[in-house]
Amino acid sequence: MIELQAIHKSYQVNGVAITALTDVNLHIASGEIFGIIGHSGAGKSTLIRMINFLERPTQGKVIVEGVDLDSLDDEGLRQFRQGVGMIFQHFNLLGSKTVSANVAFPLEIAGKSDKQSIDKRVDELLDLVGLKRHKNKYPRQLSGGEKQRVGIARALANHPRVLLCDEATSALDPQTTRSILQLLREINERLGLTIVLITHEMDVIRTVCDRVAVIDSSRIVESGPVSQVFLHP
Ligand code: ADP
Ligand code: ADP
């Protein structure tokens with residue numbers, strides 16, 4: 001489903017090349033929850049952003065559902081990205097919009113204008129994440145876990161096949177983290193959604209991932225089923 005082939009990525013900073021990824025090869029299967037773990041600066045953010053081409057490789061190919069992302073023009077990429085949801089460490093909600101309006105936003109961006117069908121979809125999504133009673137609140141009135149539930153509802157609005165999670169539980173306490181991971185697992189099972197997450201926390205990987213890749217100083221140093229990569233609890 002997601003294929004990264006011989007990826008190399010460097011950033012140019014004041015004429016100096018900073019290497020973020022070196023010879024990365026990954027295959028992520030449809031329907032799995034795939035974790036990428038590593039220390040700060042290892043290359044995790046860069047790697048997850050390759051999957052929706054928020055960052056482009058310096059060398060190598062990114063192929064998602066058989067499509068080489070490099071072959072897409074701007075419009076093709078825009079459409080492709082509607083099939084890839086993303087959630088963030090700091091939620092990235094719009095503070096001036098209600099919960100409902102935040103979740104409706106990607107539907108509007110995608111060109112939907114029928115208010116009734118937008119409302120129906122928003123209600124469905126808020127039901128899925130357990131937030132219907134908060135639909136008219138603003139993000140500042142919600143707890144961190146509730147904000148991330150809004151983020152998840154928003155990410156799922158356009159029926160994506162892939163959900164990318166960028167340190168999605170790093171700002172949350174352990175109990176809230178567990179409830180968000182449980183929700184991700186439910187969504188994975190119910191919708192058959194492929195989930196890719198990055199984290200610096202081993203517990204997150206152990207709790208929810210099927211397979212894991214360990215990244216260190218821009219390279220994948222190990223990958224496989226979680227039970228094999230992390231032998232002991
Ligand atoms: P992680 O997510 O594991 O913390 P990153 O992918 O953010 O790792 O960073 C990997 C390396 O690339 C680091 O050395 C970081 O400083 C560098 N880097 C990341 N983004 C940029 C950028 N936009 N410009 C320059 N260097 C960057
Ligand atoms: P983080 O909190 O993980 O560091 P940033 O604050 O760097 O994330 O936000 C990344 C930006 O990329 C966001 O402002 C968001 O608007 C944009 N973005 C997020 N997801 C997508 C997506 N799926 N497609 C296109 N753009 C996105």
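Reply: Let us begin with the make-up of a ligand shell, keeping in mind that this is a predicted model. Sorted by class, the shell around ligand 1 holds 5 nonpolar, 6 polar and 1 charged residues.

Me: Which residues surround ligand 1?

Reply: A residue belongs to such a shell if one of its heavy atoms lies within 4 Å of the molecule. For ligand 1 the list runs through Tyr-11, Val-13, Ile-18 and Ala-20, and then from His-39 through Ser-40, Gly-41, Ala-42, Gly-43, Lys-44 and Ser-45 to Thr-46.

Me: Which elements supply at least two residues of that shell, and which one gives the most?

Reply: Strand S1 (2-13), strand S2 (16-28) and helix H1 (44-50) each supply at least two residues, and H1, with 3 residues, gives the most to the shell around ligand 1.

Me: How are S1 and S2 arranged relative to each other, parallel or antiparallel?

Reply: S1 and S2 pair in the antiparallel sense, over 9 bridges, and Ser-10 stands opposite Thr-19 in S2. The two strands form a hairpin with 2 residues between them, and in that turn Asn-14 has a positive phi of about 50 degrees.

Me: Which polar atoms of the protein lie by the oxygen atoms of ligand 1?

Reply: For a polar contact one looks for a pair of N or O atoms within 3.5 Å. A polar backbone atom of His-39 is 3.5 Å from an oxygen atom of ligand 1, while a polar backbone atom of Ala-42 is 3.2 Å from an oxygen atom of this ligand. From the side chain of Lys-44, an N or O atom is 2.9 Å from an oxygen atom of ligand 1. As for cover, ligand 1 has 560 Å² of accessible area on its own, and the protein covers 63% of it.

Me: What surrounds ligand 2?

Reply: Around ligand 2 one finds Arg-49, Asn-52, Leu-54, Arg-81, Val-84, Met-86, Phe-88, Asn-92 and Asp-166, a shell that divides into 4 nonpolar, 2 polar and 3 charged residues. Strand S6 (residues 84-88) gives the most to this shell, with 3 residues.

Me: Which side chains place a polar atom by an oxygen atom of ligand 2, and how much of the ligand does the protein bury?

Reply: Polar side-chain atoms lie at 3.0 Å from an oxygen atom of ligand 2 for Arg-49, at 3.3 Å for Asn-92 and at 2.7 Å for Asp-166. Taken alone, ligand 2 exposes 570 Å², of which the protein buries 54%.

Note on methods: Residues are numbered from 1 along each chain as its sequence is written. Chains are lettered from A and ligands numbered from 1 in the order in which they are written. This is a predicted model: local features need pLDDT of at least 70, side-chain atom pairs count only at pLDDT 80 or more; totals for chains, interfaces and linings use all residues. Side-chain values use heavy atoms; hydrogens and water are left out. A polar contact is a pair of N or O atoms within 3.5 Å; within protein, one must be able to donate a hydrogen and the other to accept it, and residues adjacent in sequence count only if both atoms are side-chain atoms. Accessible areas come from the Shrake-Rupley method with a 1.4 Å probe; for residues, only the protein chains shown count as cover. Helices (H or I, at least four residues) and strands (E, at least two) are DSSP runs, numbered from the N terminus. Ala, Val, Leu, Ile, Met, Phe, Trp, Tyr, Cys and Pro count as nonpolar, Asp, Glu, Lys and Arg as charged, and the others, Gly among them, as polar. Two strands pair if DSSP finds at least two bridges between them.
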